[in-house]
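I opened my notebook to look up a few things in this structure, one entry at a time. Come along and check each one with me.

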Amino acid sequence: ADKKIAVLVGSLRKESLNRKFAQELIAQAPAGLLLEIVEIGDLGLFNQDLDETGPLPAVWTAFRAKLKASDAILIVTPEYNRSVPGVLKNAIDIASRPYGHSIWDGKPVAVMSVSPGAIGGFGANHHVRQSMVSMNAPVMPAPEAYIGNAASLLGEDGKVSNERTKELLQKFITAFSAWADTNAPKA
Ligand code: FNR
């Protein structure tokens, strides 16, 4: 059967480099791997009261259900001030609650960080990994993907044009497919 991969992009910017790299991963996905970006921009800010006393936002229910139904989750994120953008952390937190119903528990995850800077979003990448480990999500250790100088890797059409980068993305998505199989939750 096809495997469903939910993709979370940690930037809401229209011209987001991260979204462009996510699109490239979608384009390179092997047959049988269905990647779909799940939007996080309209979730509103997490507030525990909304789960406990309501009104429970319908967008949270739909978001959680979508992630729950996915076989694995791919996170593609920029780094903000050496950490995770608030908009992504908010989405991660919403998906982790209510207590005991976290969608992350046992969910295979991979993280790619993309930056126009030289460090390739290392800080954000590892802060996401830290959260994932704490929530018992098996995060793919390698290949690591810290995409630095990202703007220079795109062609005029906004697509990834650098051949070595394309190869890395191919390795990354192929390895993640295998990781999702190996760590698939037992039925
Ligand atoms: C940044 N940027 C940035 N880049 C980086 O490599 N390390 C960092 O710590 C930060 N910090 C940071 C903070 C804030 C508030 C903003 C808005 C930006 C730059 C960032 O990588 C750049 O804007 C990217 O283009 C953002 O990703 P998208 O939107 O292109 O996907």
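How do the residues of the shell around the ligand divide into nonpolar, polar and charged? I looked this up in what is a predicted model. I found five nonpolar, seven polar and three charged residues in the shell. The ligand is surrounded by 15 residues, and the closest are S11, S16, N18, P78 and G117.

**Entry: the core**

Next I looked for the largest nonpolar core, and I found that it has 47 residues. Those with the most contacts inside this core are V7, L8, F21, L74, V76, V109 and M112. I then listed the elements that each supply at least two residues of this core: β1, α1, β2, β3, α4, β4, α5 and α6.

I picked V7 and asked what it touches. Leaving out residues up to four places away in sequence, V7 touches A22, L35, E36, I37, V38, L74 and V76.

**Entry: helix α4**

Which residues of helix α4 are buried? Helix α4 covers residues 86-95, and its buried residues are L88, A91, I92, I94 and A95. Seen down the axis of α4, these buried residues fall within an arc of 165°, so they line one face of the helix. I also checked what covers them, and the list includes β1, α3, β3 and α5.

**Entry: A27**

A27 lies in helix α1. A27 and Q170 are 143 residues apart along the chain, yet their C-alpha atoms are separated by 9.8 Å.

Where did I find cis peptide bonds? One runs from R97 to P98, and P98 lies in the loop between α4 and β4. Another runs from A142 to P143, with P143 in the loop between α5 and β5.

N81 is not a glycine, but its phi is positive, about 50°. N81 sits in the loop between β3 and α4 and is exposed, with 8 other C-beta atoms within 10 Å. N136 also has a positive phi, near 65°. I found N136 in the loop between α5 and β5, and with 11 C-beta neighbours inside 10 Å it counts as exposed.

**Entry: the record**

Over residues 4-151 the chain is 35% helix and 17% strand.

Technical notes. Residues are numbered from 1 along each chain as its sequence is written. This is a predicted model: local features need pLDDT of at least 70, side-chain atom pairs count only at pLDDT 80 or more; totals for chains, interfaces and linings use all residues. A residue is near a molecule or strand if its C-beta atom, placed from the backbone, lies within 6 Å of it. Ala, Val, Leu, Ile, Met, Phe, Trp, Tyr, Cys and Pro count as nonpolar, Asp, Glu, Lys and Arg as charged, and the others, Gly among them, as polar. A residue is buried if 20 or more other C-beta atoms lie within 10 Å of its own, exposed if 12 or fewer, and partly exposed in between; C-beta atoms are placed from the backbone. Helices (H or I, at least four residues) and strands (E, at least two) are DSSP runs, numbered from the N terminus. The arc is that of the directions from the helix axis to the C-beta atoms. Two residues are in contact if their C-beta atoms, placed from the backbone, lie within 7 Å. A nonpolar core is a set of buried Ala, Val, Leu, Ile, Met, Phe, Trp, Tyr and Cys residues joined through C-beta atoms within 7 Å.
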